[in-house]
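Student: Can you walk me through this one? I'd like to begin with the open spaces.

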Amino acid sequence: MYDVVVKGGQIVSGSYGSFRADLAIRGEKIAAIGDGLDGKYVINASGKLVMPGVIDAHVHMELPVSGTRSSDDFSSGTKAAACGGVTTIIDFTVGSSESTIPEDIEKRLKEAEKSHIDYALHAEVIGWHRSRSQEILKAVQMGVTSFKFFTAYGSSGRRTDRGALFEVFQIIGDLGALAVVHAEDEEVINYLMNELEEEELKNMVSLAKVRPSLCEAVAVSDVIYLAERANARLHIVHLSSALGLEALKRGKGFYKNVTAETCPQYLLLTQDVYESVDGHLYSASPALRSSYDLEALWDALYNEELSMIATDHCPFTREQKTWKGNFLDLPYGLPGVETALPLMFSEGVIKRHLPVSSLVRLLSENPAKIYGLFPQKGTLQIGSDADIVVLEPNEEWTISASNLHMNTDFSPFEGLKVHGQIYTTLSRGEVVFEKGSFKGREGRGKFLRRSC
């Protein structure tokens, strides 16, 4: 007899479609898939979808930004994640020119000890210089194999210029690691900022004006060329526009080792929200785009030109986002780790007829493959971690900050009706959420050491 059996559900794979079967767990691993399996604890999944737990590969828990911190720490944020069917997160170190990358990793690992679910880290590289090459090697030895760079935010010291990017990309390429890039062109942004009238600084709509799709496309093109010459694997985070997508497709035409993600906010929201009374609550970068961009991103998901969906979860409260009269004086980021799966199931699978197997690839399988976690994570295979989400596909509910677990009083999708609700979430064979009740334990999450 197995420890747990998920019985009679429609098992969904990103690779081999879906079928009805029982799924059995022994300890922390998937032990069997078949019919008539018996367990000490049985989860009735009849009429429900059984999928690999979501891997949200882009989150920012307790991130220092703009004089405050994102409002979810590793405890509240991973609790919310589990309630949304997320069983693994990948967060970032907080890089600094005053500390080493291994020091940043150690500090972040200490903060992450509160996690309810498993986690990995990207290393943020700030203040690159050649002597840091040994820090990159040490980070890989510590199990951190992806490295984050910015092509913008020079005023805060986070930007890495093209020459430095080319140098560090070569080091990353030699190690077989992964370069992760926030791609917006600083020069374009600065030019457009200088063109703004004083009054335009008081208008939230100006955020989209000074960070247009052009700045994304230019930066995407640049970093793909650099990665190709350095022979480094490259991943573009939060791609948001049709023009950025065009640059990605052009780059993939001559360099195959590049992937990209988009986020639910770019698939469901447009810059029209900036004109609302609460427009300042939607401050984030890249900026929200037009309906044309939104449709182009959906097409790219259908055509597998985008490899994954991540949330860029970086929540703040209404108080933290109090309007001070200038769109530059806001912390940038939106909550989303808890709502990604139901939103993408409702909008993608139900409304737009995206195959549910494609959704599994975008939310689970591809992130696991890109970030070196497959087949331990991201799939329902015998021997894989029993990270499982059971989804009730016919349940309709309304998104509201008041019925979610993220530590914020604002949802960018407030009032949106969705089809599909999380019924059960299992993390390494342990039920952490079931029938609306959170059952996890703080500190049970494990750090996932990755190798190149």
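Tutor: On a 1 Å grid over the protein atoms alone, a pocket is an open set of points with protein on both sides within 12 Å along at least five of seven lines, a cavity is a set where a 1.4 Å probe fits but cannot get out, and lining residues have an atom within 4 Å of a point. This is a predicted model, in which local features need pLDDT of at least 70 and side-chain atom pairs count only at pLDDT 80 or more, while totals for chains, interfaces and linings use all residues. Residues are numbered from 1 along each chain as its sequence is written, and side-chain values use heavy atoms, with hydrogens and water left out.

Student: Okay, what volume does the largest pocket have?
Tutor: The largest pocket has a volume of about 930 Å³, where a volume is the space filled by probe spheres set on grid points joined across faces, edges and corners.

Student: And which residues lie nearest its centre?
Tutor: Of the 42 residues that line the largest pocket, those nearest its centre are Val65, Tyr153, Ser156, Arg158 and Tyr332.

Student: Which element gives the most to that lining?
Tutor: The largest contribution to the lining of the largest pocket comes from α5, with five residues, and the elements that each supply at least two are β7 (64-65), β11, α5 (186-195) and α6 (206-210). Helices (H or I, at least four residues) and strands (E, at least two) are DSSP runs numbered from the N terminus.

Student: How does that lining divide by class?
Tutor: The lining of the largest pocket has 18 nonpolar, 17 polar and seven charged residues, counting Ala, Val, Leu, Ile, Met, Phe, Trp, Tyr, Cys and Pro as nonpolar, Asp, Glu, Lys and Arg as charged, and the others, Gly among them, as polar.

Student: Tyr153 came up there; where is it found?
Tutor: Tyr153 sits in the loop between β11 and α4, and its phi is positive, at about 65°, although Tyr153 is not a glycine. Most residues other than glycine have a negative phi, and most peptide bonds are trans.

Student: Speaking of peptide bonds, which residues does a cis one join?
Tutor: Phe374 and Pro375 are joined by a cis peptide bond with omega about 5°, and Pro375 belongs to the loop between α12 (356-370) and β16 (388-398). The bond from Ser285 to Pro286 is cis as well, with omega near 0°, and Pro286 lies in the loop between α9 (264-268) and α10 (291-302).

Student: Back to spaces: how many cavities of 30 Å³ or more does the search find?
Tutor: Searching the whole structure gives five cavities of 30 Å³ or more, and the largest cavity has a volume of about 80 Å³. Its lining includes Thr151, Arg159, Asp161, Asp185 and Glu187, and by class that lining has three nonpolar, two polar and six charged residues.

Student: What do the helices supply to it?
Tutor: α4 (162-175) and α7 (213-230) each supply at least two residues of the lining of the largest cavity, with the largest share, three residues, coming from α7.

Student: At what angle do α4 and α7 pack?
Tutor: α4 and α7 pack at about 40°, with their axes 8 Å apart, taking axes as lines fitted to C-alpha atoms over the stretch in contact and angles from 0 to 180 degrees between N-to-C directions. That makes α4 oblique to α7, since angles under 35 degrees count as roughly parallel, over 145 as roughly antiparallel, 65 to 115 as roughly perpendicular and the rest as oblique.

Student: And α7 with α8: how do the axes cross?
Tutor: The axes of α7 and α8 (residues 242-252) come within 7 Å and cross at roughly 15°, so α7 and α8 are roughly parallel to each other.

Student: Now the sheet: what order do the eight strands have?
Tutor: This open sheet runs β6-β9-β10-β11-β12-β13-β14-β15, with parallel pairing, where two strands pair if DSSP finds at least two bridges between them. The edge strands, β6 (54-56) and β15 (308-309), each pair on one side only.

Student: How many bridges join β12 to β13?
Tutor: Four bridges join β12 (residues 178-182) to β13 (residues 233-236), and Val180 has His235 as its bridge partner in β13. β13 also pairs with β14 (residues 258-262) over three bridges in the parallel sense, and there the partner of His235 is Thr259.

Student: What about β10 and β11?
Tutor: Those parallel strands, β10 (residues 118-124) and β11 (residues 146-150), are joined by two bridges, and Ala123 stands opposite Phe147 in β11.
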